[in-house]
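Please have a look at the structure first.

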Amino acid sequence: MINFDYCVPTKVVFGHGVESNVGKYVKEFGGTKAMIHWGGDYVRDTGLLDRVEKSLSAEGIGYVEFEGVVPNPRLSTAKEGLALAKREGVDFLLAIGGGSAIDSSKTIAYGLANDFELEDLFLGKVSTDRIAGLGAISTLAGTGSETSNSTVINIDTMGDVELKRSYNHECARPKFAIMDPELTYTVPAWQTAAAGCDIMMHTMERFFTTVSHTELIDQMSLGLLRAVKTAIPLALAEPDDYDARATLLWAGSLSHNGLTGTGQQGDFASHAIEHEMGALYNCTHGAGLCAMWSSWARYVIDVRPERFAQFGVEVFGVVNDYSDPKGTGLRGIEAWEKFCKSVGMPVRMSELAINPTDEEIRHMAQGAIDARGGDHCGSFMELRVDDVVKILEMAR
């Protein structure tokens, strides 16, 4: 186990109807005028927006509405919101939705607290430890952005170039996260499965490490993976299964707030590669991860085959052949693919109707490296451009 810092200051408010008290939490954390930021009809049609605004008014908190969030959130939208927030004297961002709404709100909050071009932050030209106040009401279990330090945005303000980039800093953890499993009942099956697999991937990106003697976190991670693997099909079969939805919602935060990476060195090559797919093809993030992860796994398995064997045995019940850890690990990868298919997720890009040319594969591979600011991505195995090309060719 290696040294680590771990601090998650986000106040989590979890359970039935907790969103009706949101005004109290905005006030608690110093907000006087909030921008409510969301996308889609759900927030307004279900009465959620009315309940939120009623709670804000009861606490004397002013507010302005800003809808328009889309999957793979756009920097252009965040810039529009920033201009509105400045005009209206907003000092607190209140995101309602999943990772897209929360990340878009984080981007606006960075803009409110700093004087630089937002592109420069995500392109690594500037850095900051300042952000405006931010709270989140989660309506989708998946990204964990409601308690994470990560912000991911599509830079669509550079002409024909579109890049998916992230900025990670502890200041970006929301002040509070309101999590009511009932708000996730109407999430469509595809999004439920994709987001659930994204939850698993956030822990898998940390589980596959070359650091040894991490038994405590290993068992926490494997338990989380088993719980989510069980909850996804339950939520698909019964969308209003409170317990299954609660498991997914809480697991989404626990998988990406840093807990399952303590004492380890995470990999995140799969995320780097999928971000390039998302930028180029606008695919659903969790589905994109499913489409390429097993190709990554087969490419790197020789680094630590016993790690893949442990994954297969303890998460999917693969029979352990102690004399052949690689064979056991490969069966674990096959079990992951079988599970993905059982919940409607792809295991190849072609299953997402993505058929990249050789030039596009090279473009995505280079982008995955460039996004990490060095000559490689990943730490389980340091992948150069040619490695990523091979993985993407396997994932076609």
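**Aromatic rings and the core**

I begin with a charge and a ring: the charged end of Arg-307 sits over the ring of Phe-207, 3.9 Å from its centre, where "over" requires NZ of Lys or CZ of Arg within 6 Å of the ring centre and within 35 degrees of the ring normal. Bear in mind that this is a predicted model, in which local features need pLDDT of at least 70, side-chain atom pairs count only at pLDDT 80 or more, and totals for chains, interfaces and linings use all residues. Residues are numbered from 1 along each chain as its sequence is written, and side-chain values use heavy atoms, leaving out hydrogens and water.

Rings of Phe, Tyr and Trp (its six-membered ring) pair if their centres lie within 6.5 Å, with planes under 30 degrees apart called stacked, over 60 edge-to-face and the rest tilted; by this rule the count comes to 21 aromatic pairs. The rings of Trp-293 and Trp-336 have centres 5.6 Å apart and planes at 70°, so this pair is edge-to-face. Trp-293 and Trp-336 are both buried, meaning under 20% relative accessible area, against over 50% for exposed and in between for partly exposed, with a 1.4 Å probe and protein chains only.

Trp-296 and Phe-380 form a tilted pair, 6.0 Å centre to centre with 55° between the planes, and both of these residues, Trp-296 and Phe-380, are buried as well. One aromatic cluster includes Phe-207, Trp-293, Trp-296, Trp-336 and Phe-380.
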